[in-house]
Amino acid sequence: MELKTPLYDVHVEEGGKIVPFAGYLLPVQYASGVIKEHMAVRQAAGLFDVSHMGEVLFTGPTALDTLNHLLTNDFTNMPAGKVRYSVMCNDRGGVIDDLVVYKFSDEEYLVVVNAANRHKDYAHMAANLLPGTKAEDISDSVAQLALQGPAAPAILAKLVPAEKLPQKYYTAVRDVDIAGMKCLVSRTGYTGELGYEIYTAPENAVNLWKTLREAGKDDGLIPCGLGARDTLRLEAAMPLYGHEMDETITPFEAGLDFGVKMGKPDFIGKAALEASGRPSRVRVGLEITGRGIAREHQPVFIGDEQIGMTTSGTHCPAVGKALAMALVDVSHSEPGTQVDVDVRGRRVGAVIVPLPFYHR
Amino acid sequence: MSNIPAELQYTASHEWIKNEDGLVVIGLTDFAQSSLGDIVFIDLPQEGDAVTMGDSFADVESVKAVSGVFSPVSGTVAAVNSALIDNPALLNENPYDAWLIKVSDVTNTGELLDAAAYEAVCKSEEA
């Protein structure tokens, strides 16, 4: 059975086309369609319900040590108010999930995980806590909206004095008052665009959605669904769990080296990552040059030799091309390499290009 | 509710059909284009190709999905709407003008629905 986010009725009211996703009923698009929603985020602003995301609160005197043990990134010198991306590996170096960590204080951190992985993540976290850390799955008491696009700061500044908003990418401010609602405002997102992710109590979600929609109505803000969320993240070459990474793919293969600190004394998966050495396959970008659209899990060839598989692919509206990401043999991963993708039995030409496809 | 012109015939797999100058004209219904969303790519057969009743003769792709288009008849492709190759969004804009192919020498025709029967199919899929 699928769950509803607190905004379900609003999505129906807004004309959302509802589909099941990660155990939730969510809009894949609204009346304007994926392309218009995508372009609104690139050129103006879009509002997304991402309340399905999971949240785990880590507290206690050893919370930092627990995170450094569980996660691949290093949180040692992280200031309060910072946000940091990380991977959580299994002991084979495969990716259990990717996530972001908010530091509120030396003894309090919020970890935001993918909805589909919430339960397995929490089980893994709970099984690997150090004495003196408490982990609590608070997902059901947190709603999250994402306000994304170049107009996002101006829209939010109508509701909150600009100096009370986070100014830098990957920073966050707690207890921001938006129309009387207490929110955590984070300058982060999954679109490759400027914007915010805003966390609040579920009972505020509908009012917060309507308040933001009203504030943005003259700025081109429209509601956006899961379809645009996927095309936007793909165009910005942001990895998606279950596509660019899973428990059999290491963060190095997925190109997430920046989130893995091998200099740390230890973390779960470090020994396996050390032992495996440099990856033999890596994530690359593909621009489709033939007629067709590559999708996920399609074989990539040079001549008769299969060099890898696509992990995600679609038509990307702002770049205006069919694009894909793929895991390929490192020896065939140079930009400029001509390849073919087997699109449902038909060979379609493509070329390896640098990532990201789109940079604001 | 999607637009279902009374003068056309339909398939349960969301193609529309009409007879025109001895040819069978095949397109995608409004329900189909609306379900797919923004259509960004179409792969069509060539004039002279054979089509077989019940088999897919074209791929239509939106940003989020791929769908085959199934021929309700067996015959020979007499004409292809090549305007769709450069501008597949025409399928979203006016699905009943944006025909895909015209078929001649029809040897076999599958089960066709009238507008009322097709509307019932759409309703059952929406539910």
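1. Which strands of chain A does helix α6 (residues 205-215) lie across? In this predicted model, helix α6 of chain A lies across β4, β10, β11, β12, β13 and β14 of chain A, and the helix runs at about 10 degrees to β10(A).

2. These strands form an open sheet of six strands in chain A, with mixed pairing and the order β11-β12-β13-β10-β4-β14. The edges are taken by β11 (172-178) and β14 (221-223) of chain A, each of which pairs on one side only, and neighbouring strands of this sheet are turned by 25 degrees against each other on average, direction ignored. Helix α2(A) also packs on the sheet, where it touches β4 (45-49), β10 (143-148) and β14 of chain A, and its direction makes about 115 degrees with that of β4(A).

3. Within the sheet, strands β12 (residues 181-186) and β13 (residues 195-200) of chain A run antiparallel and are joined by three bridges; Leu184(A) stands opposite Tyr199(A) in β13(A).

4. Turning to the contact between the chains, 13 residues of chain A are in contact with nine residues of chain B. On the side of chain A that touches chain B, the elements that give two or more residues are β3 (24-29), α2 (34-43), α7 (226-235) and β17 (305-316) of chain A. The residues of this side divide into four nonpolar, seven polar and two charged.

5. In chain B, strands β6 (residues 56-62) and β7 (residues 66-70) run antiparallel and are joined by five bridges, while a hairpin connects β6(B) to β7(B) through three residues. Ala58(B) stands opposite Val69(B) in β7(B).

Notes
Residues are numbered from 1 along each chain as its sequence is written. Chains are lettered from A and ligands numbered from 1 in the order in which they are written. This is a predicted model: local features need pLDDT of at least 70, side-chain atom pairs count only at pLDDT 80 or more; totals for chains, interfaces and linings use all residues. Two strands pair if DSSP finds at least two bridges between them. Helices (H or I, at least four residues) and strands (E, at least two) are DSSP runs, numbered from the N terminus. Two residues are in contact if their C-beta atoms, placed from the backbone, lie within 7 Å. Ala, Val, Leu, Ile, Met, Phe, Trp, Tyr, Cys and Pro count as nonpolar, Asp, Glu, Lys and Arg as charged, and the others, Gly among them, as polar. Axes are lines fitted to C-alpha atoms, for helices over the stretch in contact, and angles run from 0 to 180 degrees between N-to-C directions.
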